[in-house]
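Student: Hi! Could you walk me through this one while we both have it open?
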Amino acid sequence: MKLRATLIGFTAILMWSFLALFTAASGKMPPFQLSAICFAIGSVPGLVVLILNPSRLTLLKQPAKVWLTGIAGLFGYHFLYFTALRNAPAVEAGLIAYLWPLLIVVGSALLPGERLRWYHVAGALAGLYGTFLIVGRNGIDFDGAYAVGYGAAFLCAFTWSGYSLLTRRFEAVSTDVVTGFCLATSILSLFCHLGLEVTVWPATGFEWIAVIGLGLLPVGAAFYAWDYGVKNGDIQILGAASYAAPLLSTLILTLFGFAEPSWRIALACLLVTGGAVLAAQEMFRRKSRLRPAAAK
């Protein structure tokens, strides 16, 4: 059960790895407009399930703290991420924001029934350095003039890690509520778009396909899979494995001609993969102990 949930959670990481490709192919739509449309699309699968199974509507009746956590997690993360990119260079802001997997691994020690081991932290740090090699390939230069952007990026990292850890504490809450989180995030993003941006629509059918792809996978199904994974799977392994997202994203961009291959990518691949395996060693040992028992 735990292994299956962990693997489902990992599919969210795989879907997030397509975020950069779909975003690059979606044209020049401003971020909050894109967020509003994609989260509206992302809520459709959940709405279909609720329409086909009206009895599941009762699962949406949850305490206010559940709704506040979910909406703050999804909308808060994207609002802070966009704010960071608007007020600081993308490289530095992105690297700071990607502290969230490490924060999940370390913060998991506060969860009931979880124990933080040295290899969890070591695996997460290896992944963080692998991410540094990718994101900071042209150098890192933190400038105090971008303090607002850096601050937003830090809050971004704490917001998503906090959401993921708190979600684990709501393990009895059905993943159906993610549909409501997506709808609320779409509405709030629309308000931000109307107040802060100029509307720009996709210019071609290919750009529309990319927008729909974003809504169905990285900004849609991924959040349902992540919710199920962190509630029922191994959150420490998922935290360390999350550094695979920027690596896979870079590999995908390279495959489609949006980036050039380099030794940094190869080394980052070793660090991220090795870090994830290191963090997951307890799960591997658990499986090896179960096999002889099953044979008996």
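**Salt bridges, rings and cores**

Tutor: Happy to: a search of the whole structure finds 3 salt bridges, a salt bridge being a side-chain nitrogen of Lys or Arg within 4 Å of a carboxyl oxygen of Asp or Glu. This is a predicted model, where local features need pLDDT of at least 70, side-chain atom pairs count only at pLDDT 80 or more, and totals for chains, interfaces and linings use all residues. Residues are numbered from 1 along each chain as its sequence is written, and side-chain values use heavy atoms, with hydrogens and water left out.

Student: Which residue forms a salt bridge with Asp-176?

Tutor: Arg-56, with the closest N and O atoms 2.6 Å apart. Asp-176 sits in the loop between α9 and α10 and Arg-56 in the loop between α4 (44–52) and α5, so the pair ties together parts that are 120 residues apart in sequence. Helices here are DSSP runs (H or I, at least four residues), numbered from the N terminus.

Student: Is Asp-176 buried or exposed?

Tutor: Buried, with a relative accessible area of 10%. Arg-56 is partly exposed, at 31%. The cut-offs are under 20% relative accessible area for buried, over 50% for exposed and partly exposed in between (1.4 Å probe, protein chains only).

Student: And where does Lys-231 come in?

Tutor: Lys-231 meets Asp-227 in a salt bridge (3.0 Å, N to O). Being 4 residues apart in helix α11, Lys-231 and Asp-227 are separated by about one helical turn. Lys-231 counts as buried at 3% relative accessibility, and Asp-227 is buried with 2%.

Student: Switching to rings: how many aromatic pairs are there?

Tutor: The search of the whole structure gives 22 aromatic pairs. Rings of Phe, Tyr and Trp (its six-membered ring) pair if their centres lie within 6.5 Å; planes under 30 degrees apart count as stacked, over 60 as edge-to-face and the rest as tilted. One of the pairs is Phe-32 with Phe-82, edge-to-face at 5.2 Å centre to centre and 85° between the planes. That pair links distant parts of the chain, with Phe-32 in helix α3 (residues 31–42) and Phe-82 in helix α5 (residues 64–87), 50 residues apart. Phe-32 counts as buried at 2% relative accessibility, and Phe-82 is buried at 15%.

Student: What about Trp-100 and Trp-160?

Tutor: Their ring centres are 6.4 Å apart and their planes at 80°, so that pair is edge-to-face. Trp-100 lies in helix α7 (residues 100–107) and Trp-160 in helix α9 (residues 147–169), 60 residues apart. Trp-100 and Trp-160 are both buried.

Student: Which residues have the most contacts inside the largest nonpolar core?

Tutor: Trp-16, Leu-74, Trp-100, Trp-160, Phe-223 and Trp-226, in a core of 59 residues. Such a core is a set of buried Ala, Val, Leu, Ile, Met, Phe, Trp, Tyr and Cys residues joined through side-chain atoms within 4.5 Å. Helix α11 (residues 205–232) gives the most to this core, with 9 residues.

Student: Last one: what does Ser-189 touch beyond its sequence neighbours?

Tutor: Leaving aside neighbours within four places in sequence, Ser-189 is in contact (heavy atoms within 4.5 Å) with Phe-32, Ser-35, Ala-36 and Phe-75. Ser-189 lies in helix α10 and counts as buried at 1% relative accessibility.

How values were computed: Helices (H or I, at least four residues) and strands (E, at least two) are DSSP runs, numbered from the N terminus.
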